[in-house]
Amino acid sequence: MKAGNPRVLHSGAMTLPPVGVLNQMKWESAAAEDLGIPWEVRLYCLQCPEDYAGFTVIDSSISWSSNNSLFEKVRQWYRFQTNYYRWLSVQKEKFDILLLRYNVHDPFQYWFLRQCDMPVYLVHHTLEVPELRASKNTLGFVRAYAERLLGRASLKVAKGVVGVTPEVLAYERQRSG
C-alpha cells in the first residue's frame, strides 16, 4: 500500500441490479468524487439504465432472458460470475483495498478471497441466513444452508466486514466465529 490515502475499489456484481442498489452506488461514487478521495465504485452487471453508466461495467458477452431454461440460466450465471471475478482480478492491480458487495452463497467469491493477495472487505446489507429462511420453502432452506457454509468460510478469509447497520455488523461478526 502506498503512503497517503489508500486506493479503494468498492465493487459488486448483479445480473440485473435494482434501482435502489444503483442509486446507492451512484451516490457513493459522487460523494467520493466530491471529497476528492481515491475511491472508485463499479457495479458489474448485464444491463442498466444509461443514467448509471458512469460506474457500471456491462458484460455484453451474455444474453440474459427470463425465458431461458433452468440449465441455460445456470450456465449464464456461471459465465457471469467467472467473467466478474476475472475482471476483478485485473482491477485489483490498480487498488490497495477491495470492498466487495457481499453475494450470498457464492463459491466464486470464496475462491477469489482465498487467492487474493490484498485486503478484501465484505460489505453486508442484510442478515443473510434469516432472510433466506424467511421464504419458508425448500429452496429458501437450501439457500440458507449453503449460505451458512459458504458465508462463514468467506467471512473467515476476508480481511474484514463492513455492515451497513450496527445490527448487520454484529450478526456478521457472530457468524464469522
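Predicted model: local features only at pLDDT ≥ 70, side-chain atom pairs only at ≥ 80, totals over all residues.
## The largest pocket

The largest pocket holds about 690 Å³ of space. Of the 23 residues in its lining, those closest to the centre are Trp 77, Asn 103, Val 104, His 105 and Arg 143. Two or more lining residues come from each of helix H2 (70-91), strand E5 (120-124), helix H4 (128-133) and helix H5 (138-157).

By residue class, the lining of this pocket is made up of 11 nonpolar, 7 polar and 5 charged residues.

## Helix H5

Helix H5, which contributes to the pocket lining, has 20 residues that should span 28 Å at 1.5 Å a residue, and the 29 Å between its end C-alpha atoms agrees with that expectation. At the start of H5, the backbone nitrogen of Leu 139 has a side-chain oxygen of Asn 137 within 3.2 Å.

The buried residues of H5 are Gly 140, Ala 144, Glu 147, Gly 151, Ser 154 and Leu 155. An α-helix has 3.6 residues a turn, so residues three or four places apart point the same way. The buried residues of H5 pack against helix H3 (107-115), E5, H4, strand E6 (160-163) and helix H6 (166-176); of these elements, E5 and H4 also give two or more residues to the lining of the largest pocket.

## Val 19 in helix H1

Val 19 belongs to helix H1, which covers residues 19-35. Its relative accessible area is 47%, so Val 19 is classed as partly exposed. Although Val 19 and Tyr 52 are separated by 33 residues in sequence, their C-alpha atoms are 9.6 Å apart in space.

Methods:
Residues numbered from 1 in each chain as written. Heavy atoms only, no water. 1 Å grid on protein atoms, 1.4 Å probe; cavity = no way out; pocket = protein on both sides within 12 Å on 5 of 7 lines; lining within 4 Å. Points joined across faces, edges and corners; volume = space filled by probe spheres on them. Helix = DSSP H or I, 4+ residues; strand = E, 2+ residues; numbered from the N terminus. Nonpolar A, V, L, I, M, F, W, Y, C, P; charged D, E, K, R; others polar. Expected span 1.5 Å × (residues − 1). Buried < 20%, exposed > 50% of the residue type's maximum accessible area, 1.4 Å probe, protein only. Contact = heavy atoms within 4.5 Å. Polar contact = N/O pair within 3.5 Å; in protein donor to acceptor, adjacent residues only side chain to side chain.
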